[in-house]
Amino acid sequence: MRLSIKLPLAALLFALSTAAAWAEKADRSQPVNLEADNVTVDDLKKVSIYQGNVSLVQGTMSLQADRIEVRQDAAGFDKATAFGNPVKFRQKQEGKDEYIEGYAKRVEYDGKQSKLELFGDARLKKGEDVLNGNYISYNANTEFFEVKGAGKPGTPGSGRVRAVIQPKNTAPAEVVPQTPLKPMPGAAPVAR
């Protein structure tokens with residue numbers, strides 16, 4: 001089933017995929033294109049369920065999951081949970097030719113708290129920087145990250161947190177003048 005939606009739900013699904021602080025702002029004005037094998041919407045209970053090869057695209061943002069459940073509270077705030085093996089999302093960063101990608105078995109977004117959580121084999125990649133853990137949390141309001149491993153610390157195979165953070169060039173590299181190479185003794189001169 002292919003749907004094009006423009007509802008408060010669209011804003012939630014957009015937020016589910018990435019924290020708003022990173023997102024390409026132009027994506028917010030793009031239509032949401034959603035495909036799933038089955039969709040159920042209960043307007044009375046404010047619950048929507050999308051299941052079976054769920055694909056969501058809005059501008060540069062894309063999300064793939066096996067199932068997405070969206071719930072809206074009385075105040076109009078949304079909570080969404082995506083399940084997959086894994087859930088995958090990708091979006092271009094604002095003002096950069098760089099993408100944010102995330103993978104996890106479960107992804108939850110709380111619109112009221114602006115909090116994104118990745119559970120189970122969680123991986124977050126921003127440009128060339130990578131975070132891996134069993135759990136990754138990001139609060140867009142406080143810009144606070146938390147990453148946890150699995151199991152008891154210090155035990156073999158405990159699922160430690162891993163990060164790869166690339167150095168940032170803060171100053172332009174100094175240009176070092178090169179000295180011309182001298183010919184080796186007995187070498188024939190090079191024609192120019």
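This passage describes the overall fold of the protein and the surroundings of two of its residues. The structure is a predicted model, in which local features need pLDDT of at least 70, side-chain atom pairs count only at pLDDT 80 or more, and totals for chains, interfaces and linings use all residues. Residues are numbered from 1 along each chain as its sequence is written, and side-chain values use heavy atoms, with hydrogens and water left out.

The protein has 1 helix and 11 strands. These are DSSP runs, numbered from the N terminus (helices: H or I, at least four residues; strands: E, at least two). Their order from the N terminus is β-α-β-β-β-β-β-β-β-β-β-β. Of the 192 residues, 35% are buried. Buried means under 20% relative accessible area, exposed over 50%, and partly exposed in between (1.4 Å probe, protein chains only).

Serine 114 sits in the loop between strand 7 (99-110) and strand 8 (115-126). Its relative accessible area is 16%, so serine 114 is buried. Its side chain makes a polar contact with the side chain of asparagine 141, at 3.5 Å. A polar contact is a pair of N or O atoms within 3.5 Å; within protein, one must be able to donate a hydrogen and the other to accept it, and residues adjacent in sequence count only if both atoms are side-chain atoms.

Glutamate 117 lies in strand 8. It counts as buried because its relative accessibility is 15%. Its side chain forms a polar contact of 2.5 Å with the side chain of tyrosine 135. Leaving out residues up to four places away in sequence, glutamate 117 touches Arg106, Val107, Glu108, Tyr135, Ile136 and Ser137. Contact here means heavy atoms within 4.5 Å.
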